[in-house]
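Grab a pencil and work through these exercises one at a time. Try each task yourself before you read its solution.

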Amino acid sequence: MTTHIEDFARQLRELKERSGHSYGVLATQLHFSTSTLHRYCNGTAVPADYAPVERFAQQCGANSDELMTLHRRWLLADAMRRREPDRAWGASVAPAATVTSTTSTAPASASSAGPAAPETGAPGTDVPKAGFSNAHVPQTDGPPTDALKGDVSAASFPPPRRTPTGVAQPSRGPWPAPQDGQFGRLLRDLRVRAGLSHQSLSQAAGVSVRAVADLERGRGHLPGPQRCTVQALADALGLDAAGARMLEQAAGLGRPRRPRPGAGPGYYDLLQLPRDIGDFTARTAALTQLSATAEAVDPARPPVALVCGPPGLGKTSFAVHAAHTLAPRFPDGQFAVDLRGMDPEPVAAHAVLARLLRALGVPDHAVPDGLDERLGLFRSVTWERSLLLLLDNAADEDQVRPLLPATGRILTLVTSRHALAGLEAVHRIELGVLRREESVELLTRIIGSERIQAQAQAARDLADLCGNLPLAVRIAGQRLAARPRERLDRLVAQLAREEGRLDALEAGGLQVRAAFALSYHRLDAAHRTLLRRASLAAGPDFSAETAALLADLPLRQAVRCAEDLVDAGLLEPHPLAERYRFHDLLRLFATEQADTDDDTAARRQAQDRTAWWVLRRARAAALHFDADHQQARPHEDPDTALAPADRDQARAWLEAERHQWLAALHHSGAAGRHRQVIDTAEAMHWFSDLTQHWDLWVEVFRRSVDAARALGSRQEEAVHLNYLSWAHNTCAQDHQAALSTAEQALAAAREVGDALQTGWALGYAAAALHRLGRSTESIAWLRDSAACLEAVPSPQGRLAELSTLNTLGRHLRQIGRAEQALAIHERSEAICRPGIPGLSLEVVCLYHAAARQHLGNDLAALERFSEAEEPLRAALAVFEAADMPSWGAPVRLDLAIVLHRLGRYREAYESLLIAEASLGELGHPRHPEAVAELREVERRPSTCQ
């Protein structure tokens, strides 16, 4: 049966052999002797510190799993070495030579200098490098530490030897055994004997003068110094290996020792790290960031890493896993404290400091009462240690600040649901939800790969329904693990029902709802109201104005509350705009709270208030684009001080809030406010021409048709049926629905004798017929439309006539009658050229540009390509200046085709690249045409010249 030391040594040898490096090469790279490395690998010695072991393993290419195994084996081997310090390990390998020292004051013989150096044959030449001392090798030259007796004084020490420069050379033993509490006296006597002042010893050892003086005086609140400090002092004092070991033993007697559980009244709370979870998944980037922080610890400025985020992201699991991973780098201890930040009364820093001091070995009677005194003692105890502190579940900055060490090789991990924005100089680690593949990997680790592979799509759907929130995914996995015969798609079906999703996400004591409730119930009334009412907002995100309206709060207060909820991890800020959004599961939770905490009347009142305000703002914003209004009317906005001031601001608001104002249309229609619905849709008519790629216009104009019918207005019904036909044909590409709707509009318009709407209905029906391939009928309907509209004297009649003529000419060109099309489009241009009374120059310019586009295409169809370029470029300039991509992108495609036919391939190629991208983004029906043209141009050799 192998021992722990043999297991440890065997893994070292396996790593070394796999690396292909020789002992000499590895020893040189790691800066310690070849013989020491031999002893570690053959089991005759065990390092007293894990750091060189980790460096050795990394040099040999060990992976993370091998590092964890090696660390565990080193711990077991080191414990075995400490339990049986006199045993000669590695019986199958010749042990290194050792000599037992005595307590005599006689001069040391050559054989008492310590282990021989087998590589050189000279005693005492096996000098460790880079912080390694002979204390790293099990010794047999003295009794165990806890058996040391006797007084220690300068008279017991052998005289120092001096070089011509006066530097102390290693002094040889024998050395007397120290007693507890005598480190300071021993250090002072050794310094005096070496002829060094406090300052000289400080400079030689790299330890401050004050620290040297405090150590010699044996100040009661200071623990024994750490090994690295003792080694530096021993080197500066010129001690031999046995003397250095004696000094370390004296320091060890003064260090606090952790009592073992069950040791009676003296047993302290060790604040041990919680158990790591074996199926921890993902978070590689965050672990790498934290590892880099731990690698670069500066004792003068010990780092603090803050892990924050919404509930359910796995902050504690991440921090615990990271602490276990980084533990070997902090050999003096790892401590975890739950600050209980979500409790009604979080743990006070005063109490946490007492627990930390006890865990660090300070007896109860030595823990002071005051916060400042505890803080001072805590920093004194930790200043020279290598520690990892995990402060979990912090409430706020004031709770955390007193717990942060001021100096020392210490890494502090803090987790909190709050952003703790006031915490200075911290490394922030933001955790987000998992990627879908990471969620599936977590499920795989919990329930096994067989079930996941058997229902791979169900596993992906399950991850999506959990919102890729780690807590939700884990609960789903744990539930499936407890029910090995349950199919994944059964749970998917349950989660697909929103009203029961949070109920299904429970597994034993794990509940998503409970995690959210902890944060919710710590909020004050205003914050709770805003959170639950914000769940009534439409769309993926919402503005502070919408939240203020729903919560019935002043805007400034709503902004403050929303920002506080972001800091609390309950809302997510939009990365670019001043907007907010929920995680999917948090939205469900907030909706539940709205149903529970607000009665039906309160919710309806909030939605009524919001819909009324939003539709007024939407109408005022849309009027910036209405050709029938020469200027916008800002007095119609519900908040004139913050109303959009120009078209750019109006468009930005309409686009950002389109889900909200569409929902408001639904709500107002259901509430019977039909006039407001019609007025809003009418104002949107012109704006819709600029955003034909939006898929909501069918719904907008369907609502306004319903409102007109509810009011019994056949004339308004005809108007909005025409708008709806246009939306079906142009936006939704549903040409049969467009034709049917246009026929309804035509019937209503003829019933009320409205010639303008009759002409529009004929034109919209013709457009649908053309898309359905019924070109002959389409042209006949367009001629009827043009004849009807020519008799309408109003400015709106001229615009309708221009639209009809342009469409008629296009249809003629497409059936091969380009000469007739050119004549019709020249007629359109003639109408536009002098201007149209009653219409703004801007609107006439747009219609003129449309006519010039058709002229260019007519000329191209007649193969008069050189003449076609100029009108197409003129039309493109107008549409791009007006920011009308739905109109500009097709013109750019037409221009590129002309350039291609003219043999100007490089220009055609550049224009096609832009046109293809724009048409693709718009989902335009001409996008395939652009792709085909681009491929043809790419085949031209001169394109790439």
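**Exercise 1.** What is the mean pLDDT of the chain, and what percentage of its residues reach 70 or more?

*Solution.* Keep in mind that this is a predicted model. Start with the chain as a whole: its mean pLDDT is 84, and 85% of the residues get to 70 or more. Next, go element by element: helix α23 (residues 525-534) has the highest mean, 98, while strand β1 (residues 161-162) has the lowest, 41. Then check the stretch 87-170, where pLDDT is below 50; the model gives it 154 contacts beyond near neighbours in sequence. Residues 258-269 stay under 50 too, with 19 contacts beyond four places in sequence.

**Exercise 2.** Work out how covered helix α3 is, and find what its buried residues pack against.

*Solution.* First, use the cut-off: buried means under 20% relative accessible area. By that rule, 7 of the 9 residues in α3 (residues 34-42) are buried. Now name them: Thr34, Ser35, Thr36, Leu37, Arg39, Tyr40 and Cys41. Their packing partners are α1 (4-19), α2 (23-30) and α4 (51-59).

**Exercise 3.** Describe the lining of the second largest cavity.

*Solution.* Begin with the count: there are 5 cavities of 30 Å³ or more. Sort the lining residues by type and you get 4 nonpolar, 2 polar and 3 charged. As for helices, α24 (544-551) and α27 (600-622) each supply at least two of the lining residues.

Methods: Residues numbered from 1 in each chain as written. Predicted model: local features only at pLDDT ≥ 70, side-chain atom pairs only at ≥ 80, totals over all residues. Heavy atoms only, no water. 1 Å grid on protein atoms, 1.4 Å probe; cavity = no way out; pocket = protein on both sides within 12 Å on 5 of 7 lines; lining within 4 Å. Points joined across faces, edges and corners; volume = space filled by probe spheres on them. Helix = DSSP H or I, 4+ residues; strand = E, 2+ residues; numbered from the N terminus. Nonpolar A, V, L, I, M, F, W, Y, C, P; charged D, E, K, R; others polar. Buried < 20%, exposed > 50% of the residue type's maximum accessible area, 1.4 Å probe, protein only. Contact = heavy atoms within 4.5 Å. pLDDT = per-residue confidence, 0-100.
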